[in-house]
Amino acid sequence: MFFSHKPKGFFVELNDHAVMVARTSGPTAPFAVEEMLDCAPHDPAALKEMLGRIQPKKSPSGYLHATVGIYPGKRLVRRHTVEPKRVKEQAYITELCSQQFRIEDDKYSLAILNASDGVDFDTARGTQKDVVFCGLPIEDAQGTQAMLLESGIYPERLELGSVATLGGVVDCLAFNKAKTSVLVLEVGADATHSFIVTANGIEASRLVPQGLEAMVPIVQKELALKDEESARKLFYSNTFDFTGMGPLLVKKILKELQSAIGFYEVQTGQSVAQVLTTQLSPKLQWLDTAVSSALGISSLKLDPVAWLESRQVSLPENLVKQAQETRCFGLLSLMAQAQSAHAVAA
C-alpha cells in the first residue's frame, strides 16, 4: 500500500533588509505554518544553508518551489484617479506612466487594480475611478527569476511584495473593524514608498526619493567619521544606538511625509493616527520610533494571529512571537492571500 504525502508550501520574501522563508503544511490554505527562517540579503552561503534547513529533503527537481514576494528598487505601486472610459486606450496608459510615474510602460510588466479591493480593474466596464498601478521593470523581473533559480528557488508565483503587504494590512484592519487611517512605510536603500491605508483600501500613495543611503552622509558628518564607508558600516551595524540622532536622520523623509499626510487630511477630513514601518531589521527599529515621534502619531503593532486564523492559516505556539514582529508581516500576507493573491510579474 502506498501513501501519498501532501506537498508542503513554501513562501519567500526578498527585501532590502532580509531574505525570509516559511514552510507550511500545504501550498494553499487551509494550512499550518511549520517554520519561519531569515538571513541577511546578498549572502549566498547563508541563503543556501537556510534553504537546506527549511527543506531538508530536496524536491525531485532540486528546487524549492515557492510563492515569492519581491521589492525591486524601481517597483511601481501608485494610487491614481483615472478617467475610466480612457483606461482601455494604450495612449492614455503611456501618457500616465510617462507624466505621472516617470516610467516607460513598454519596459514594465504592469497591472491595474481597484484601490478598494485589489481585484483587477475592469477596463471593459470602467466603473472605478480610483485604481492602483502596480508593476516592475521587465528586466528586473527576468533578472530576479534568474537569481532565484541560481539560488535554488523556483518561483511558482512572483509577486510584488508591496501589493501583498498592503492587501494584508487592509484586510487585517477590516478584520479588526479599525476606523483609523494608517501610514505604511517601506524604507529601502534609495527610496521610501509611503501609503495611507484604511480598512476600505489604499487611500493615497507617494514615492519619497530618499531612503537609508541618504542618512549615511549625515551619520558621517555628525560623528566626524573619516569617510562614508565607515559611516555606512556603523549605520548598518548593531554597535551604535541611533535613536537620539533619529529626528535628524529622517528630517528629509519627514518633509515629504508631512506633505502627503497634510494633503490627505485636507482632502478627506480624516486624520492619520498611526504609522506602520514594515521590513526593518531589529537594528533599524529606531527608525519607526523616530518617524512616529516626529509626526506625533503612534506606531501600529498588528497582532496577526487571529486575522491569519480567519484566513485559515494557523500558527503553532512556538512561532507566535516571531510572527508578531512587524518585519514578518509581508511574508505572512503572502500566505494569507495564497489562494487569491495577484501575480504582477512576467
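These are my notebook entries on what I looked up in this predicted model.

**Entry 1: the cores**

I began with the largest nonpolar core, which has 65 residues, and found that Val12, Leu64 and Val197 touch the most other members. The largest share of this core comes from α4, which supplies seven residues. As background I noted that, in soluble globular proteins, nonpolar side chains tend to be buried together. I then took Val197 and listed its contacts, leaving aside neighbours within four places in sequence: they are Leu166, Val169, Val170, Leu173, Thr180, Ser181, Val182, Val184, Ile202 and Glu203. There is also a second, separate core of 32 residues, and I found Met245, Val272, Leu280 and Leu295 included in it.

**Entry 2: α4 against α12**

Next I looked at how helix α4, residues 161-175, packs with α12, and found an angle of about 80° with the axes 8 Å apart. Angles from 65 to 115 degrees count as roughly perpendicular, so α4 is roughly perpendicular to α12. Which residues meet there? From α4 I wrote down Ala164, Thr165, Gly168, Val169 and Cys172, and from α12 Phe329, Gly330, Ser333 and Leu334. Sorting the residues of this contact by type gave me five nonpolar, four polar and no charged.

**Entry 3: Thr67**

Thr67 is placed in strand β4, which covers residues 64-70. Is Thr67 buried or exposed? Its relative accessibility is 13%, and because buried means under 20%, Thr67 counts as buried. Not counting residues up to four places away in sequence, I found that Thr67 touches Phe10, Phe11, Val12, Arg157, Glu159 and Leu334.

**Entry 4: aromatic pairs**

I turned to the aromatic rings, where the structure holds nine pairs. In one of them, the rings of Phe242 and Trp286 have their centres 6.0 Å apart and their planes at 35°, so this pair is tilted. Phe242 lies in the loop between α6 (228-235) and α7 (246-249), whereas Trp286 belongs to helix α9 (residues 286-295), so the pair ties together parts that are 44 residues apart in sequence. Phe242 counts as buried at 1% relative accessibility, and Trp286 is buried as well, with a relative accessible area of 7%.

Another pair, Trp307 with Phe329, is stacked, with 5.3 Å from centre to centre and 20° between the planes. This pair also links distant parts of the chain, because Trp307 is in helix α10 (residues 305-310) and Phe329 in helix α12 (residues 329-336), 22 residues apart. Both Trp307 and Phe329 are buried. Finally, I noted one aromatic cluster, formed by Phe235, Tyr236, Phe240, Phe242 and Trp286.

**Entry 5: backbone exceptions**

Before the last search I reminded myself that most residues other than glycine have a negative phi, and most peptide bonds are trans. Where is a cis peptide bond found? I located one joining Ala29 and Pro30, with omega about 5°, and Pro30 is placed in the loop between β2 (19-24) and β3 (31-39).

Two residues other than glycine came up with a positive phi, Lys177 near 55° and Gln279 at about 75°. Lys177 is in the loop between α4 and β9 (181-187), and at 67% relative accessibility Lys177 counts as exposed. Gln279 lies in the loop between β12 (272-277) and α9, and at 6% relative accessibility Gln279 counts as buried.

Methods: Residues numbered from 1 in each chain as written. Predicted model: local features only at pLDDT ≥ 70, side-chain atom pairs only at ≥ 80, totals over all residues. Heavy atoms only, no water. Helix = DSSP H or I, 4+ residues; strand = E, 2+ residues; numbered from the N terminus. Buried < 20%, exposed > 50% of the residue type's maximum accessible area, 1.4 Å probe, protein only. Contact = heavy atoms within 4.5 Å. Phe/Tyr/Trp six-rings, centres within 6.5 Å; stacked < 30°, edge-to-face > 60°. Axes fitted to C-alpha atoms, helices over the stretch in contact; angles between N-to-C directions. Parallel < 35°, antiparallel > 145°, perpendicular 65-115°, else oblique. Nonpolar A, V, L, I, M, F, W, Y, C, P; charged D, E, K, R; others polar. Core = buried A, V, L, I, M, F, W, Y, C linked by side-chain atoms within 4.5 Å.
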